[in-house]
Amino acid sequence: MPDRAWWAALWPDPEGVLRLLGIGRHMSVLDLCCGDGYFTAPLARLTGGKVYALDIDPAMIARAKREVACQGASVRQWICADALDVVKHLCDSVDVVLMANTFHGVPDQERLAAEVLKVLRPGGVFAIVNWHPLPREETTVLGQPRGPATDLRMPPEDVAAAVEPAGFALARIVELPPYHYGALFRAGALHAA
């Protein structure tokens, strides 16, 4: 997990990134694979605490809790579990599931998308923030090549091919400079069935 200086150099305005993804005050959000809380704390501030945060690593949950507290925010529920088990642990359905910088590493992406659909309210959004499929040596942060290996990077059409079969429709792609995009998928007709 990169340190704070790395994240801050890449995204100096995390709340601005969240706003570009369409996340606003009256939404409830699950920060799926929240890591150290870089987006969790701004999500909590932006939504007035209507945030749930899940990570498989208890050390990451502890770091995220510290970050949220340090920023004077609060989270409704902290969940230490595998993302594929989210349905077993989330106490409410949500408007948005945010997954930043981790979808490329999910072994069963289609299954994860199906589980995410189960925790979204009808018409909810699965927001996936991903690295553009550029060679890793071209994506430098603080003078070093960063991000996943080049062969793990997914263009938006590959993300859509993994997510849409679960019952989502790609709503839009949001550019998140310098190296990312946000793919926003709306829960579709299969969700209502």
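Me: Hi! Which residues does Leu 10 touch, leaving out those up to four places away in sequence?
Reply: Hello! In this predicted model, Leu 10 touches Trp 131, Val 141, Pro 177, Pro 178, Tyr 179 and His 180.

Me: What about the largest nonpolar core, how many residues has it got?
Reply: That core has 35 residues. Leu 10 is among those with the most contacts inside it, along with Trp 11, Leu 21, Phe 39 and Leu 98.

Me: And which helices and strands each supply at least two residues of this core?
Reply: On the helix side they are H1 (4-10), H2 (14-20), H3 (40-47) and H4. The strands are S2, S4, S5 and S8.

Me: How many residues are in the other core, the one lying apart from it?
Reply: That one has 34 residues, including Met 99, Val 106, Val 119 and Leu 120. As a general point, nonpolar side chains tend to be buried together in soluble globular proteins.

Me: OK, new topic: the sheet. What's the strand order?
Reply: The order is S3-S2-S1-S4-S5-S9-S8, in an open sheet of 7 strands with mixed pairing. Strand S3 (77-80) and strand S8 (168-176) are the edge strands, each pairing on one side only. Ignoring direction, neighbouring strands of this sheet are turned by 20° against each other on average.

Me: How many bridges join S4 to S1, and how many join S4 to S5?
Reply: There are 3 bridges between S4 and strand S1 (residues 29-32), and these two run parallel. S4 and strand S5 (residues 120-131) also run parallel, joined by 6 bridges. If you want pairs to click on, Asp 31 stands opposite Leu 98 in S4, and Val 97 has Phe 126 in S5 as its bridge partner.

Me: Then what about S8 and S9, parallel or antiparallel?
Reply: Antiparallel, with 8 bridges joining S8 to S9.

Me: Which sheet strands does H6 touch?
Reply: H6 packs on the sheet and touches S1, S4, S5, S8 and S9, and its direction makes about 140° with that of S5. Helix H6 (residues 109-119) also belongs to a right-handed β-α-β unit with S4 and S5.

Me: And H4, which strands does that helix lie across?
Reply: Helix H4 (residues 58-70) lies across strand S2 (51-55) and S3. Relative to S3, H4 runs at about 160°.

Me: Back to H6. At what angle does its axis cross that of H7?
Reply: Roughly 65°, with the axes of H6 and helix H7 (residues 156-163) coming within 8 Å. H6 brings Gln 109, Glu 110 and Ala 113 to the contact, while H7 brings Ala 161, Ala 162 and Val 163. By type, the contact residues divide into 4 nonpolar, 1 polar and 1 charged.

Me: Last one: where is Gly 188 found?
Reply: Gly 188 is in the loop between strand S9 (180-187) and helix H8 (189-192). Leaving out residues up to four places away in sequence, Gly 188 touches Gly 167 and Phe 168.

Me: Why does Gly 188 count as partly exposed?
Reply: Because its relative accessibility is 25%, and the partly exposed class falls between the 20% limit for buried and the 50% limit for exposed.

Technical notes:
Residues are numbered from 1 along each chain as its sequence is written. This is a predicted model: local features need pLDDT of at least 70, side-chain atom pairs count only at pLDDT 80 or more; totals for chains, interfaces and linings use all residues. Side-chain values use heavy atoms; hydrogens and water are left out. Helices (H or I, at least four residues) and strands (E, at least two) are DSSP runs, numbered from the N terminus. Buried means under 20% relative accessible area, exposed over 50%, partly exposed in between (1.4 Å probe, protein chains only). Contact means heavy atoms within 4.5 Å. Two strands pair if DSSP finds at least two bridges between them. A crossover is right-handed if, with the strands pointing away from the viewer, the path from the first strand over the helix to the second runs clockwise. Axes are lines fitted to C-alpha atoms, for helices over the stretch in contact, and angles run from 0 to 180 degrees between N-to-C directions. A nonpolar core is a set of buried Ala, Val, Leu, Ile, Met, Phe, Trp, Tyr and Cys residues joined through side-chain atoms within 4.5 Å. Ala, Val, Leu, Ile, Met, Phe, Trp, Tyr, Cys and Pro count as nonpolar, Asp, Glu, Lys and Arg as charged, and the others, Gly among them, as polar.
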